[in-house]
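Please look over the notes below with the model open.

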Amino acid sequence: MSQNVHQCSLPYKDTSGFPKLPPNSSWWKRLLRNIKKLMAMDPNNTNCKIFFRNNSTLKVEQRRYARSSYCFVIHPFSKIAAFLEVTFFVFWFFSIIMEPLLTFESRDEIYLILKQIDGYVVLHVQRMLIIFHFFLGYVDRKNKQIVIDSSKIACHYLKTYFILDFIATGYPPIILANVMLLFMEEDSFAFKRLTVAVQFIQVICVYARMGTVLNYLNGICHHLKFSREIRFTILTVTKTYLFIHMVTCLLYFVPVVYYLKNWPDDSWLFQAGVTLENDKDLLDIYTDCLLLCICYFFGASHGKYDITLPIEELCFSMVTLFGRLYTLFLLAEVLRMFGIASVSESRYEQCLTQLEEYMTSKNLPLHLRKRLLKYYDYKLQKRYFNESEILSTLSEHLRNELFIFSARRLIQNSSIFKLLPKSMLGIVVASMTSETYSPGDVILSVGVIAEEIYFISSGTVAVLNSDGLELCHLEDGDEFGITALLTAESIQHYSIVAVESTEVFHINKLLFFEFIQGHSEAMSHLEATVKKRLAKYEQVEETIKKGGYDFLSELHRGLILESLLKRPVVEE
């Protein structure tokens with residue numbers, strides 16, 4: 001181990017949860033399995049590292065998806081889901097820009113090319129994305145759950161964005177236009193006004209997805225490992241431009257709907273020469289509208305055109321009001337970003353600042369600084385609170401209840417706790433102490449006296465023998481420090497090293513035995529676990545030292561079924 005960072009030496013094991021294939025499988029079965037792997041959760045996905053705190057819970061989710069009956073559902077953290085998110089961002093962002101611009105009726109070449117791209121490429125891709133959304137799982141942020149039930153996915157999409165997406169793709173406007181032609185003439189004033197109004201509704205439905213587009217943009221920036229400040233700046237600039245772009249197009253669109261071709265001489269559009277009759281280039285029309293919009297949006301000036309007509313005065317007043325409100329909102333976001341608006345986040349930033357100063361004064365090496373920062377991030381979750389001060393104000397009963405609740409995952413995963421009655425379980429858990437270890441921390445060393453028994457609440461640890469050979473990994477619900485139970489001297493024969501950020505609960509060995517000595521079933525299970533684990537360690541050690549061929553372990557890892565593996569030649 002270099003710089004106290006765990007370097008795993010165990011052979012790679014496929015954790016996707018899918019059944020193994022024999023080496024003579026047909027090509028289409030292999031292709032189907034590879035596609036399923038692309039649809040399954042990707043452990044390297046950025047969202048996995050945010051949603052799951054450790055690898056053990058990540059593996060549980062992998063197995064849950066692989067064993068589910070929803071074979072056509074795409075996991076929201078899969079590689080295909082990541083590709084769909086990027087595709088959605090690109091094409092929907094293009095629509096958010098283009099759909100309002102299509103209201104600027106122009107005859108220049110750029111306008112016609114963009115219109116063809118929108119009609120023949122973008123809309124068709126968006127319609128395909130709508131279909132994919134009926135098979136794409138989602139994250140229930142309220143309950144912190146990943147939903148892969150196909151019926152729930154369909155209901156969720158139908159209740160949220162389906163109607164808006166369907167209208168945004170252009171089908172309803174086309175159908176409605178054909179229906180209107182049955183009752184009115186194509187050149188009539190009413191038909192033209194209704195057509196423009198329907199186009200405006202389509203623009204609104206496209207903009208309804210702006211929040212989703214910004215979320216996907218944030219995910220892309222996070223995947224590219226941009227810092228928090230850079231992500232905030234990119235999102236703020238993008239969001240501000242999209243709002244200004246929408247208002248810019250409305251300043252042109254509303255007078256067009258209101259006047260059509262009967263332009264008053266007092267209209268600012270007539271003064272700027274950007275009416276439909278002038279046939280100006282799309283870029284010139286957009287530039288004039290954008291500059292005037294910025295002037296009113298941020299309150300910089302009144303622009304170079306006189307606004308005298310009531311409908312235009314109303315539009316610009318609404319633009320000014322919206323700009324003022326958005327500026328206040330933007331200011332609040334900036335304050336929250338720098339930790340001024342949120343007390344908890346501010347104190348967390350102050351805590352990190354003190355930590356930085358401490359590490360600088362002690363001249364700590366870079367690898368140790370990174371470990372300290374990861375520990376603070378895992379322990380505090382970007383929120384600062386004085387736990388001891390909070391607990392001191394609670395009654396003893398409430399403190400014990402909170403502690404038992406914090407150990408709920410351990411109680412669910414540990415086999416020995418399932419054999420204890422609830423009354424005794426509460427006493428045992430309340431007598432434990434919680435500890436968090438960073439990746440690479442040595443929890444137990446060879447040769448020390450094992451006075452404590454450790455139970456893993458969340459995380460992964462590696463078991464190493466006295467020669468430094470890695471034997472196996474222990475995960476959620478597993479216990480360690482018990483292998484010394486069968487020896488009179490209670491000496492630890494194996495080292496325990498944290499592979500990732502790991503939370504454990506430990507209790508004094510004598511106190512633990514005192515609690516469970518009256519429960520023979522739990523004691524028998526504990527002794528059987530010790531014997532079984534010691535036998536496994538000895539078997540693995542013997543196999544490694546001999547350098548022999550372990551047929552069962554290779555079969556378990558799928559190296560025999562899924563790939564042709566040559567047996568090693570043993571010289572006599």
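The points below go through the helix pair and then the cavities.

1. This is a predicted model: local features need pLDDT of at least 70, side-chain atom pairs count only at pLDDT 80 or more, and totals for chains, interfaces and linings use all residues. Residues are numbered from 1 along each chain as its sequence is written, and side-chain values use heavy atoms, with hydrogens and water left out.

2. Start with α13 (residues 282-297) and α14 (residues 310-337). They pack at about 60 degrees, with axes 8 Å apart. Helices here are DSSP runs (H or I, at least four residues), numbered from the N terminus. Axes are lines fitted to C-alpha atoms over the stretch in contact, and angles run from 0 to 180 degrees between N-to-C directions.

3. Which residues of α13 meet α14? Leu292, Cys293, Tyr296 and Phe297 do, with heavy atoms within 4.5 Å. On the α14 side, the partners include Phe316, Phe322, Arg324 and Tyr326. By class, the contact has 8 nonpolar, 2 polar and 1 charged residues (Ala, Val, Leu, Ile, Met, Phe, Trp, Tyr, Cys and Pro are nonpolar; Asp, Glu, Lys and Arg charged; the others polar).

4. The structure holds 3 cavities of 30 Å³ or more. A cavity is a set of points on a 1 Å grid where a 1.4 Å probe fits but cannot get out; lining residues have an atom within 4 Å of a point. The largest cavity has about 60 Å³ of space, the volume filled by probe spheres set on the points.

5. The lining of the largest cavity includes Phe88, His133 and Tyr216. α4 (79-101) gives the largest share, 4 residues. The lining divides into 7 nonpolar, 1 polar and 1 charged.

Definitions and conventions: Helices (H or I, at least four residues) and strands (E, at least two) are DSSP runs, numbered from the N terminus. On a 1 Å grid over the protein atoms alone, a cavity is a set of points where a 1.4 Å probe fits but cannot get out, and a pocket is an open set with protein on both sides within 12 Å along at least five of seven lines; lining residues have an atom within 4 Å of a point.
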